[in-house]
Amino acid sequence: MNYFLNFINSGDHFSYVLSSYLIVFFIIFLIFILSNSKTKKLEKEFVNLIKNEEKK
Amino acid sequence: MIFNLANPLRFQRLIEKIEPITLNIAITLLLVGLFFCFFGSPPDYLQGETVRIMYIHVPCAWFSLMIYSIIALCSIFSIVFKHTLADLISRSCAPIGACFTLATLLSGSIWGKPTWGTWWVWDARLTSELVLLVIYLGLIIINNAYEDKSKADRYSSILAIIGIINLPIIKWSVDWWSTLHQPASISKFSSPSIDPSMLLPLFIMTFSFFFFFISILLVRVRGEIIQRKIEVIRFNRTV
Amino acid sequence: MGKYKVKLDVFKLVKREIRIMLKNFSIIYSFSTFFLIASLIFVFSVNDISYVKIFYKSIVWIVLIFSIMLVSENFLNEDFNDGSLKELQFLGFSEESIVVSKSIAMWVMIMIPMLFLVPFVFVFFQITLYELISLVITLFLATPSLTLISILSSLFSVQLKRNKIIQFVIILPFFVPMIIFTTSTGTLFESNNLKENQFLILIGIFFITLPVCLMAGRLIMREINK
């Protein structure tokens, strides 16, 4: 806990560390969400295609 | 075992089982790692609190290199054996690798500001990371440039193989160039050995990032497999 | 016997390429004009002319790279579009010999005239004769690998209908070592020790580029004609 309190009170360094963590996690979550949404979209398309095939 | 899994359909069934597990492991490890990053590790005696950037910067840098070697291996595999799964993996690896490289560069430059005083130094390692990012972007572009998917895969695997031959040369030349321009390159770790209290969060974060990478990769590969299926169905319909 | 045949093949193909080049001479003409005008435009962008003396190597090399890429694009496109690339393969010429002959022809017909243009740069940029000689030697040693890489880049883009610019994007990182070692060569006569200047490294880079480009060229060529 001591480490954390020191870290929060470190002023300038705190903002640097926090911003770098935020940026890295933002990038990783961005690629995660993008790939997930792309896959979901493709899955929907695939299910629709299969349904159309069966109707015929 | 590997050849058993090399069938994309069987692989897809496996993915659907593994995917949630890896994501759960990644998030758990991330939370534990973040706890150790902020609560369980001391500040560096030289760099102070900014050393905490290391716990995400170094894993990202490792993975940016590792993903490129995965792409190169898959490319060799796809050229030699002409296997679809290797194509799928290398195609879905490229954007992830680019993201990790970008994360490395950004977090590194944020780390560089308080320690070196500037956002960017033309250091050998930074420059070669930048070149790596450019090569990743080239791979992504070539993956999407051709209408014929299998052609794009073949071209991008050729490019990846040229890249893996050329990357050491580029690294070496950039090394040589930066020592020419700068009196001494800055080494990031002032002491050769890291204290175990710092090593622990680093390793936990590395494993967490690894599982993140695996789960994103699996999602992307599943998407690619579905896309191929859609293309096959459409093709059959037109025929 | 086999070796002899490969040599003969390359010789035949080079003769064919050079004949084609001589027929549309405008490529050489436009390349030379582009090279001169582009390096002049660089001079206008600098306020103090004494800076040009410092940066002349970078200017010459960057202009050269861009002009080579522009030329190499239609170098293969015509052959691909009229089907002669496919025809050559059917006739039994190996892919490597086609790539090699194309690069030899391009080097002979475009790079050698370019070397005669460089003395004009010597007048414009007010560099000394010794610097000029070392510049010409660097150009002579590094242009073969430059040609090989640009042929490779045009092979990548030959099947693209639109968005041809990607050939520049994907291949430019591979020019990094070349640019570094060509622009940092000291003048020949500054350092008597041959190890200290980078001419040997340029030759070494050529011997790395040659097999890589041949291998990749063969793979791409097979893919093109599928």
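**View 1**
Let us begin with K82(B), which sits in the loop between helix 3 (54–81) and helix 4 (84–116) of chain B. Is K82(B) buried or exposed? Count the other C-beta atoms within 10 Å and you get 12, so K82(B) is exposed. Now look at the backbone: phi of K82(B) is near 55°, a positive value, and K82(B) is not a glycine. Most residues other than glycine have a negative phi.

**View 2. Q126(C), a loop residue of chain C.**
Here we move to the loop between helix 5 and helix 6 (129–157) of chain C, where Q126(C) lies. The phi of Q126(C) is positive, about 55°, although Q126(C) is not a glycine. There are 11 other C-beta atoms within 10 Å of Q126(C), so this residue is exposed.

**View 3. I161(B), a buried residue in a helix.**
This view takes us into helix 6 (residues 149–181) of chain B, where I161(B) is found. Why does I161(B) count as buried? Because it has 20 C-beta neighbours inside 10 Å. Setting aside neighbours within four places in sequence, you can find A72(B), S75(B) and I76(B) in contact with I161(B).

**View 4. Chain B, built from helices.**
How many helices and strands does chain B have? There are seven helices and zero strands, and along the sequence the pattern reads α-α-α-α-α-α-α. Of the 239 residues in chain B, 45% are buried. Take the contacts in chain B between residues at least 6 apart in sequence: 79% of these join residues at least 24 apart.

**View 5. Helix 2 of chain C, with a buried face.**
Helix 2 of chain C covers residues 26–44, 19 residues in all. From the first C-alpha to the last, this helix reaches 27 Å, close to the 27 Å expected at 1.5 Å a residue. Which residues of helix 2 of chain C are buried? They are F31(C), F35(C) and S39(C). Looking down the axis of the helix, you would see the buried residues fall within an arc of 55°, so they line one face of helix 2 of chain C. On the other side of this helix, S26(C), Y29(C), T33(C), I37(C), I41(C) and F44(C) are exposed. Among what covers the buried residues are helix 3 (49–81) and helix 5 (95–124) of chain C.

**View 6. Where chain A meets chain B.**
Now for the meeting places between chains. Two pairs of chains are in contact, and chains A and B share the most contacts. In this pair, 29 residues of chain A meet 34 residues of chain B. On the chain A side, helix 1 (2–8) and helix 2 (12–55) of chain A each supply at least two residues. Helix 2 of chain A gives the most, with 23 residues. Sorted by class, the side of chain A that touches chain B has 17 nonpolar, eight polar and four charged residues.

**View 7. Where chain C meets chain B.**
In this view, 20 residues of chain C are in contact with 23 residues of chain B. Helix 7 (166–171), helix 8 (176–183) and helix 9 of chain C each supply at least two residues of the chain C side. Which helix of chain C gives the largest share? Helix 9 of chain C does, with six residues. The side of chain C that touches chain B divides into 16 nonpolar residues, three polar and one charged. And what of chains A and C? Chain A and chain C do not touch, and their nearest C-alpha atoms are 22 Å apart.

**View 8. Confidence in the prediction.**
Our last view turns to the predictor's own scores. The model has an ipTM of 0.86 and a pTM of 0.87. Chain C averages a pLDDT of 81, with 91% of the residues scoring at least 70. Among the elements of chain C, the lowest mean pLDDT, 78, belongs to helix 1 (residues 2–23) of chain C, and the highest, 87, to helix 9 (residues 199–224) of chain C.

Definitions and conventions
Residues numbered from 1 in each chain as written. Chains lettered and ligands numbered in written order. Predicted model: local features only at pLDDT ≥ 70, side-chain atom pairs only at ≥ 80, totals over all residues. Contact = placed C-beta atoms within 7 Å. Helix = DSSP H or I, 4+ residues; strand = E, 2+ residues; numbered from the N terminus. Nonpolar A, V, L, I, M, F, W, Y, C, P; charged D, E, K, R; others polar. Expected span 1.5 Å × (residues − 1). Arc of directions from axis to C-beta. pLDDT = per-residue confidence, 0-100.
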